[in-house]
Amino acid sequence: MYLSIDFEDFNHDLKRSLGIWKTGPLNKDFLWEKYSIINSLFKSSSTKKGRSGTFFCTGIIASKEPELIKKISSDGHEIACHYNYHDVMEGQSEYEIEKNLTEAKNALEEASGKPVHGFRAPMFSIDKHNSYQYKIVEKLFTYDSSFSCTTKAELKKFKRKMKLEKLKILPIFHKKISKFKFRLGGSYLKLFPYIYSKRMFEMSLKNGFTPHIYLHPYEFGVSEQLRVPKDELLSLGMMKAFYWSIRQNQWLKFRNETLKFKLGNLLLNNNLEGTLYDFSLSTQFLN
Ligand SMILES: [Zn+2]
């Protein structure tokens, strides 16, 4: 199985998405602390290649805390790109997309001292109806992991629709029930019982996809220190402040402690396979 981390600062990014600020200080201690936990998890892998994984990092972390990116890279992990800020890309212009991707890639390469090959859009939010955003990703990266699907036929159809020639797509497996897409990773892994992940694993394999789980630093244990407090949310109005207070429980608190057990169980029965870049070079991605 593959494990990739969307390495982002939840508190910083939520404030930006709610319009509380454009940018501000990062929660550096938190990021270092969670990285250390995640790194230990990789390093406990029984296979050598499993001791390295892929970290999709926001460019802003590379700009504000380059030492952390350097450390992740020097520990043998792959630094990939998770956009510049953790913004929704859908609806952004060609100019904005190219500017943000270039800035992020440059900052990540400068901090890590290595080329960056992979990309994943924040919240998978890249335009999947028109091809202009994907064409820019293709120009700058070797592979993308912002697409989710159930079958290989869907993947093929999507690549044709996006007019992709060189860019490799490493999809996240999903199971569609009604209009909801249930994925393998993030909140789904945390909120649902272990049997959910186990079944998703089996379905993914049955459909010809090596299982690939994505997670975030704040999911590794309760992460209350990242909470945007109510008094800061009040500028949005009472109703919104209430809504976002509740929603934060989903990411920072609710069933976070169960992740360790579920991940541990999955890792008992499945080896970690290494970085997504190496995976993208394997024979099944020759296209
Ligand atoms: Zn993200």
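The core and what surrounds it

Modeller: The largest nonpolar core has 57 residues, and Cys-57, Ile-61, Ile-69 and Leu-108 touch the most other members. A nonpolar core here is a set of buried Ala, Val, Leu, Ile, Met, Phe, Trp, Tyr and Cys residues joined through C-beta atoms within 7 Å. A residue counts as buried if 20 or more other C-beta atoms lie within 10 Å of its own, as exposed if 12 or fewer do, and as partly exposed in between, with C-beta atoms placed from the backbone. Helix H5 (residues 94-112) gives the most to this core, namely six residues. Helices (H or I, at least four residues) and strands (E, at least two) are DSSP runs, numbered from the N terminus.

This is a predicted model, in which local features need pLDDT of at least 70 and side-chain atom pairs count only at pLDDT 80 or more, while totals for chains, interfaces and linings use all residues. Residues are numbered from 1 along each chain as its sequence is written.

Leaving aside residues up to four places away in sequence, Ile-61 touches Phe-7, Asp-9, Leu-26, Leu-31, Leu-68 and Ile-69; contact means C-beta atoms, placed from the backbone, within 7 Å. A second, separate core has five residues, among them Phe-10, Leu-14, Tyr-218 and Leu-226.

Phe-7 belongs to strand S1. Six of the six residues of S1 (residues 2-7) are buried, so the strand is largely enclosed by the rest of the structure. Tyr-2, Ser-4 and Asp-6 lie on one side, and Leu-3, Ile-5 and Phe-7 on the other. S1 pairs in the parallel sense over four bridges with strand S10 (residues 212-215), and strands count as paired if DSSP finds at least two bridges between them. Leu-3 has Ile-213 of S10 as its bridge partner. S1 also pairs in the parallel sense over four bridges with strand S2 (residues 54-57), where Phe-56 is the bridge partner of Asp-6.

Helix H9, by contrast, has both buried and exposed residues. Its buried residues are Ser-197, Met-200 and Ser-204. Seen down the axis of H9, these fall within an arc of 60 degrees, so they line one face of the helix; the arc is that of the directions from the helix axis to the C-beta atoms. They pack against strand S8 (172-177), helix H8 (186-191) and helix H12 (258-269). On the other side of H9, Ile-195, Glu-202 and Lys-206 are exposed. Just after H9, Gly-208 takes a positive phi of about 85 degrees.

Technical notes
Two residues are in contact if their C-beta atoms, placed from the backbone, lie within 7 Å.
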